[in-house]
Amino acid sequence: MGVEGCTKCIKYLLFFFNFFFWLAGCVILGVSLWLRHDNKTSSLLELKYEGEEAPRTFYISVYILIAVGAVMMFVGFLGCYGAIQESQCLLGTFFACLVLLFACEVAAGIWGFMNKDKISEEMINFYDSVHDQSLSATTKEQRQTALTVLKVFHETLHCCGKGSFLSLAEMWYKDSCPTDMLIPQSCHPKIRDLFSNKLYLIGFAALVVAIIMIFEMIFSMVLCCGIRNSPVY
């Protein structure tokens, strides 16, 4: 015989929330792996030009998400098992892990909000750097190397150049533009849209997880107190 009444209801509510927390960890892990291997982002972030690499800030965020997803799966399992077994030790450990995860998520959210435009701006600066160096290149080999990098941007994002039209100096790399593009479209807004959409996806997932964690912390403490006050224990 274990806990009774409202405490028993909380026990199963905690199990229910932990199951969804474990599922959320699976989803975050899956989404972060998809972001890491997405063709559009990977093709751009793995570019190199004369020793200069594309900024890796986005990948750092994704690697953090992969770790968070894996930890959430473990913590969710710990909470499910602790609730069913009515173990104060497991529930206390589970609560401590939740507090730590919540603190990390808040810190990551603040950092992400403060640097939300940094990823796209760094990528735009990298594109502009290659673009400008391609115009000032003095040898055919240098221009061809720059053209290869620019072509990846143009074909991936379906854009061409820095502005809404190509100058006479830029006409030499017109072959790197998509063949079905009649009017050149600037790559700057395309780069911003690509990373902004993915950051919004990450932010939405983090908000859902934070709400679940708050309920879990409340339920785990209530259940832990109920177990401690139960005459059976």
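1. Helices here are DSSP runs of H or I with at least four residues, numbered from the N terminus. By that assignment Leu-150 sits in helix α6, residues 140-157. The model is a predicted one. Leu-150 has a relative accessibility of 0% and is therefore counted as buried.

2. The overall layout is as follows. The protein chain contains 7 helices and 2 strands, and their order along the sequence is α-α-β-β-α-α-α-α-α. Of the 233 residues in the protein chain, 41% are buried. Among contacts with a separation of 6 or more, 76% are between residues 24 or more positions apart.

3. Helix α4 covers residues 88-114. The buried residues of α4 are Leu-91, Phe-94, Leu-98 and Leu-101. The elements covering these buried residues include α1 (6-37), α3 (57-85) and α7 (187-229).

4. The pairing of α3 with α4 comes next. Their axes lie 10 Å apart, and the helices pack at an angle of about 160 degrees. An angle over 145 degrees counts as roughly antiparallel, and α3 is therefore roughly antiparallel to α4. The crossing of α3 and α4 is left-handed. On the α3 side, the contact is made by Thr-57, Ser-61, Val-71, Met-72, Val-75, Leu-78, Gly-79, Tyr-81, Gly-82 and Ala-83. On the α4 side, the contact is made by Leu-90, Leu-91, Thr-93, Phe-94, Cys-97, Leu-98, Leu-101 and Trp-111. Sorted by class, the residues in the contact of α3 with α4 are 13 nonpolar and 5 polar, with no charged ones.

5. The pairing of α1 with α4 has another geometry. The axes of α1 and α4 come within 14 Å and cross at roughly 45 degrees, and the two helices are therefore oblique to each other. The crossing of α1 and α4 is left-handed. Leu-14, Asn-18 and Phe-21 of α1 meet Leu-91, Phe-94, Leu-98 and Leu-101 of α4. This contact of α1 with α4 comprises 6 nonpolar residues, 1 polar residue and no charged residues. The four α4 residues that α1 meets are the buried residues of α4.

6. Asp-128 deserves a separate entry. Asp-128 belongs to helix α5, residues 118-136. The relative accessible area of Asp-128 is 15%, and buried means under 20%, so Asp-128 is buried. Apart from neighbours within four places in sequence, Asp-128 is in contact with Lys-162 and His-188.

7. Asp-128 lies in α5 and Leu-150 in α6. Asp-128 is buried at 15% relative accessible area, and Leu-150 is buried at 0% relative accessibility.

Note on methods:
Residues are numbered from 1 along each chain as its sequence is written. This is a predicted model: local features need pLDDT of at least 70, side-chain atom pairs count only at pLDDT 80 or more; totals for chains, interfaces and linings use all residues. Side-chain values use heavy atoms; hydrogens and water are left out. The expected span of a helix is 1.5 Å times one less than its number of residues. Buried means under 20% relative accessible area, exposed over 50%, partly exposed in between (1.4 Å probe, protein chains only). Contact means heavy atoms within 4.5 Å. Axes are lines fitted to C-alpha atoms, for helices over the stretch in contact, and angles run from 0 to 180 degrees between N-to-C directions. Angles under 35 degrees count as roughly parallel, over 145 as roughly antiparallel, 65 to 115 as roughly perpendicular and the rest as oblique. A crossing is left-handed if the near helix is turned anticlockwise from the far one by less than a right angle, and right-handed if clockwise. Ala, Val, Leu, Ile, Met, Phe, Trp, Tyr, Cys and Pro count as nonpolar, Asp, Glu, Lys and Arg as charged, and the others, Gly among them, as polar.
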